[in-house]
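Keep the view open beside you as you read.

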There are 4 protein chains.
Amino acid sequence: MNTIGNILRLTTYGESHGAAVGGILDGCPAGVQISQEAIQKDLDRRKPGQSHITTQRKESDTVEILSGVYEGVSTGTPISFIVRNKDHHSSDYNNLKNIFRPSHADYTYIAKYGRRDHRGGGRSSARETVARVAGGAIAKAILQHYQIDVAAYVSQVGKITLNKSYHELDISNTENNIVRCPDEEKAKEMITAIEEAKKDQDSLGGVISAVIKGVPAGLGEPVFNKLHAELGAAMLGINAVKGFDYGSGFEGTSLPGSAHNDPFINDNGEIKTTTNHSGGIQGGISNGMDIHFRVAFKPIATLVKQQNTINKEKEEVQIQLKGRHDPCVLPRAVPIVEAMAALVIADHLLLQRTRQI
Amino acid sequence: MNTIGNILRLTTYGESHGAAVGGILDGCPAGVQISQEAIQKDLDRRKPGQSHITTQRKESDTVEILSGVYEGVSTGTPISFIVRNKDHHSSDYNNLKNIFRPSHADYTYIAKYGRRDHRGGGRSSARETVARVAGGAIAKAILQHYQIDVAAYVSQVGKITLNKSYHELDISNTENNIVRCPDEEKAKEMITAIEEAKKDQDSLGGVISAVIKGVPAGLGEPVFNKLHAELGAAMLGINAVKGFDYGSGFEGTSLPGSAHNDPFINDNGEIKTTTNHSGGIQGGISNGMDIHFRVAFKPIATLVKQQNTINKEKEEVQIQLKGRHDPCVLPRAVPIVEAMAALVIADHLLLQRTRQI
Amino acid sequence: MNTIGNILRLTTYGESHGAAVGGILDGCPAGVQISQEAIQKDLDRRKPGQSHITTQRKESDTVEILSGVYEGVSTGTPISFIVRNKDHHSSDYNNLKNIFRPSHADYTYIAKYGRRDHRGGGRSSARETVARVAGGAIAKAILQHYQIDVAAYVSQVGKITLNKSYHELDISNTENNIVRCPDEEKAKEMITAIEEAKKDQDSLGGVISAVIKGVPAGLGEPVFNKLHAELGAAMLGINAVKGFDYGSGFEGTSLPGSAHNDPFINDNGEIKTTTNHSGGIQGGISNGMDIHFRVAFKPIATLVKQQNTINKEKEEVQIQLKGRHDPCVLPRAVPIVEAMAALVIADHLLLQRTRQI
Amino acid sequence: MNTIGNILRLTTYGESHGAAVGGILDGCPAGVQISQEAIQKDLDRRKPGQSHITTQRKESDTVEILSGVYEGVSTGTPISFIVRNKDHHSSDYNNLKNIFRPSHADYTYIAKYGRRDHRGGGRSSARETVARVAGGAIAKAILQHYQIDVAAYVSQVGKITLNKSYHELDISNTENNIVRCPDEEKAKEMITAIEEAKKDQDSLGGVISAVIKGVPAGLGEPVFNKLHAELGAAMLGINAVKGFDYGSGFEGTSLPGSAHNDPFINDNGEIKTTTNHSGGIQGGISNGMDIHFRVAFKPIATLVKQQNTINKEKEEVQIQLKGRHDPCVLPRAVPIVEAMAALVIADHLLLQRTRQI
């Protein structure tokens, strides 16, 4: 159950303060150009310590590819990669061994497994997403072959909301600021908000938006594995995510059908729609228009502020978390959203090859 | 890819105007009391023609169980069920054979498969959900054994929104009105809104909310198969669904962590939280509190109103849909949401038995 | 767990004396010519009562296709089919309700599920293979598109063994006699042996051999899902099967490598091997040569002869089975072996499309 | 497709001359005592260079556990392990880059993937089984908890056959000689045979037999995933395996049913059978008796002897393989057979927990 995908399958392993995190990407077709640099580049975008608004844990997060790539090209066999953990301050967690941190997975892991590796959150730590980003970078290499492009950006931090659709933005600006919001003005407001939350020993949530361009019509399975259901599941599997919608989403629920429907047109021989409330997906299958969706992140549960909770013996206790934490995870979550989206789209690209005789 | 579930697996088949719709529920443990009446009851809640605000297609939707149940009790072998299609007016669709209806799956099916059964939407019709409701009713029988209760209700229709959380409502009132909203006053407003949309030859979307009570702590898998990711995927797989959030959801993204965290308390020996922004799930695993979530439905794409679109030859055409359609699918979608939620929870109940030695 | 296949997935249901047996074939690509007659023809080869050496149960075994086929062509959606049970003499089994028949699955079903539908063996009856033959007939239609041919025949009954390899036989004779052995002389001996076993109230086992011609090189997955491992699992899943080997098989284990290796040659531009101890599969992947294998069937456990056994209360009892049974299942198992082989090969044909960029 | 198992799932990676081989065992329940020493012990039994009748490649095969184990106990999260490759003489293979070795997977890999890592056989090398043995050692730890014991031994090498059933042998002697045959006399003959094959620059095949004691009744799934079908698939997935049978196997096909059936008896309150032609499995489900089966291995394809073959350009060439190879793989395959059997049984132990309400 640590695997995602149908044909292209990513299995991850590793705990926050264990020896390593990593994964196996199985089902990558032979013949894909795999560049260690491209993987490393996405890992660096996810890496802790990249700016003053992220956690100060120091990890080089250097990836080693162990199999499945020969002379820079995938061979069709499983691609295994590993990132060693370096800067773990496990002793920071000694006093938390028997305490259930509020809104963390401490209690639920005990309920599930009867035990847990408490150091740094163990498997429930976002450190596990290193493997997702590495796997996703390989999926991006597959997509690149087909000129499919996945881009995510921060569109809300706390109460600061970017009220523009992706059409009105120049998404290529996303990497120009540390909060990864393509609107420079809003980016500044978001950074200020995060700085204040940090000062208050508090945390902020928000929204990441994503757009996928170049997806051919026909991807996605009609019933349970609708393309947006697979994207949604992949996003909801990311730490701290509380919601997902695509196309017109929750907002579109108040429109009448006559305003919501997307009329088809012949655009110089290509089938397009004049609007795109469908978010590029109709009946669970891509229609060739841009796929766009939103992902809701809660404010991270780790606060420096003092909190009330209980311990294993069900006694009331107060805690004040040390460790080194992100006041807002969204900037670092942008490559994770992209990685998961890339994995889903690449998986369905392959699957679609089996759908006609 | 017409299968959902890990241990408890539902596979469905059938087109709107084919011979039958049905499914196989595999992995149902032996020893469950299976009542044909209970299944029929949920099918009747989903059935067309049940009120003046639903489609007037007439289907008795009588289910026949073909296997897996002996003397009223599940035997552990696959449970197959079938509902024959009766009232199909396939000729209503003759003129649509080569037309791509806006925001329908006509074009995408052709893109995917190169062909399609155009009669009544074929497989993309919501008629397929008959099988989900039947399968879900069996899952509910499993949950009943463990005193787990799934309840859904309509919380928004078009612009009419029920601004109350489930705590403030008496959900047992849900079945008392035809729109399935537990607040009688809002229900009336919603019914009026649907009547008006129908008169306008238009359609309305909305939101269904759901709450699951009695789920023990420990269900859900930590990484990709988080309990809310599985619930989300199941909901996003329902026709017309555009979004899913759980607990504090999209709204909670603007709260600071200090307001969002749910402090643990010892409530007479039981571990509880004072608030439930987590929606009963932490780190992807149930924590014993109520699980609650929202599902966004777009306004249905089938309009009687005239619309512009194109045909297979990419020529511009105008269409006016006949057929018999729901101006608002939400009332009939309530048992579908419940069915899918029940399948997910029952699946994870079984899976959890394998997680400790 | 009542499903087989990776891309092309068959799920079956149904008990011997229940309402029906049937299945869903999911993942069949769109565009396959599906002929109900072809399916029926294979069902007729499997049908009881087809000759004096098979059981006299009378079943027309008429298949109805419920979905996934439109105007004689697969649409890409799940193909559901059903065969109603007609001639069940359930009362024949009343006295067996609490008895564990020797070498039957009575005791093991109780151990597994705590209960069972005892009528006619319930799910453990070979009647379930109706669904395999129907699904396999559709798989054969896929293979036909690629000029791949699957043929099985009886090569041993009891002590009568056909000591010829398939090269020395005219397999097109298989259907010319009721025992389905392509060698007319051996066929007669086999029929006599079965008649004698029947007279003795006894039963006979034997071996079915199969050859698949026209499989392109490249099918099969290297490690766990080797083509022969998937074929083997499919065969071992058939009722009464005790063993499987392919190519040189058990016999080849006593050869030295220098005699066993198959030298490659260039045969007018095609890569072939001079011998075929590999059975058309090397490293788990087809090499373009004929695939051939053997399947061992035990003598059926149902005897008219009196036998000693125990009942649920663990008391010793004697039983004499009535019912209508096959003295030797091999003739009727020939289409089952073909069906399962066709499903595996068609599945890997589809899967292979995803293996190169 | 590099994954095996339903609940307990092993995914492996790695090429013969790549950086490492390893795997992820997912679904191991929490609370299992995992000893690195026990894993290493089985790896040492599989290790090259352990005696003069095995390959002289020198690998310490030291395993490192990277995740999923905390303080010597499984935590329920994926267990990842890695073994670095050390002694690879990749240059030995330079001249083989474009040659298809007879009965190797060189040609089929090219057919499948269009390319391959030719060094040492790449992924098709038996070196991949390191990961199976490591994963299997963890499965054995699960089985140990339930007093289930898996034991394999060599019962045939070339023409030397051990004509005794496991009842007549003292299997605890298996590790007392380098060929892993529990009969000391036959072991000597086998060793001599291997020495002679080595001198002749040839190779030998044979049979490994296995017995599993202590399996409770009820394991295995009735239809496609019969316990023996899963065991068979696991065995057929091992390099060089050509056949599998269980219980009476191929030999039992010539017995009449009256001699083959296993009568049930009450043995001091326990349900047993007087004979065990069923091999401990009836209707695909374990019946509590010993499970026993045989695995056929072909003589290994790597010969020092000169051989004829062709190259990529389909030109005829002669080759003489250097490298360091086993004249007979069976002694080293014993722990592999045990590992795969342990994985299957442990998987079904867990699965069975979900089969009754």
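Q: In β3(B), which residue is the bridge partner of Gly14(B)?
A: This is a predicted model, in which local features need pLDDT of at least 70, side-chain atom pairs count only at pLDDT 80 or more, and totals for chains, interfaces and linings use all residues. Residues are numbered from 1 along each chain as its sequence is written, chains are lettered from A and ligands numbered from 1 in the order in which they are written, and side-chain values use heavy atoms, with hydrogens and water left out. Strand β2 (residues 9-14) of chain B pairs with β3(B) in the antiparallel sense over six bridges; strands (E, at least two residues) and helices (H or I, at least four) are DSSP runs numbered from the N terminus, and two strands pair if DSSP finds at least two bridges between them. In β3(B), the partner of Gly14(B) is Val21(B).

Q: How many residues does the hairpin that joins β2(B) to β3(B) run through?
A: The two strands pair in the antiparallel sense. The hairpin joins β2(B) to β3(B) through five residues.

Q: Why is strand β3 of chain B said to be largely enclosed?
A: Buried means under 20% relative accessible area, exposed over 50%, and partly exposed in between (1.4 Å probe, protein chains only). Ala20(B), Gly22(B), Ile24(B) and Asp26(B) point one way from β3(B), while Val21(B), Gly23(B) and Leu25(B) point the other way, and all are buried. The strand (residues 20-26) is largely enclosed by the rest of the structure because the residues buried are seven of the seven.

Q: Which residue of β17(B) stands opposite Ser209(B)?
A: Strand β11 (residues 206-213) of chain B is mostly covered, with seven of its eight residues buried. Eight bridges join β11(B) to the antiparallel strand β9 (residues 149-157) of chain B, where Gln156(B) stands opposite Val207(B). β11(B) also pairs with strand β17 (residues 291-297) of chain B, antiparallel over seven bridges. There, Ser209(B) faces Arg294(B).

Q: How many residues of helix α5 of chain B are buried?
A: Helix α5(B) covers residues 227-236 and is mostly covered. Its buried residues include Leu227(B), His228(B), Glu230(B) and Met235(B).

Q: At roughly what angle do helices α5 and α7 of chain A cross?
A: Two packed helices are described by the angle between their axes and the distance between the axes. Axes are lines fitted to C-alpha atoms, for helices over the stretch in contact, and angles run from 0 to 180 degrees between N-to-C directions. The axes of α5 (residues 227-236) and α7 (residues 330-352) of chain A come within 9 Å and cross at roughly 145°.

Q: How many residues in the contact of α5(A) with α7(A) are nonpolar?
A: Contact means heavy atoms within 4.5 Å. Among the residues that meet are Leu227(A) and Leu231(A) in α5(A) and Val337(A) and Asp347(A) in α7(A). Ala, Val, Leu, Ile, Met, Phe, Trp, Tyr, Cys and Pro count as nonpolar, Asp, Glu, Lys and Arg as charged, and the others, Gly among them, as polar. The contact divides into two charged, one polar and, for the nonpolar ones, nine.

Q: Which strands stand at the edges of the open five-stranded sheet of chain C?
A: The order of this sheet is β1-β2-β3-β7-β4 (chain C), with antiparallel pairing. Each edge strand has a single partner strand, so one side of each is left without a neighbour in the sheet. The edge strands are β1 (3-4) and β4 (63-65) of chain C.

Q: Which residue in β19(D) does Ile310(D) stand opposite?
A: An open sheet of three strands in chain D has the order β8-β18-β19, with antiparallel pairing. Four bridges join strand β18 (residues 307-311) of chain D to β19(D). Opposite Ile310(D) is Glu316(D).

Q: What rotation superposes chain A on chain D?
A: Copies are superposed by least squares on the C-alpha atoms of residues with pLDDT of at least 70 in both. The shift along the axis is 0.0 Å and the RMSD is 0.0 Å, for a rotation of 180°.
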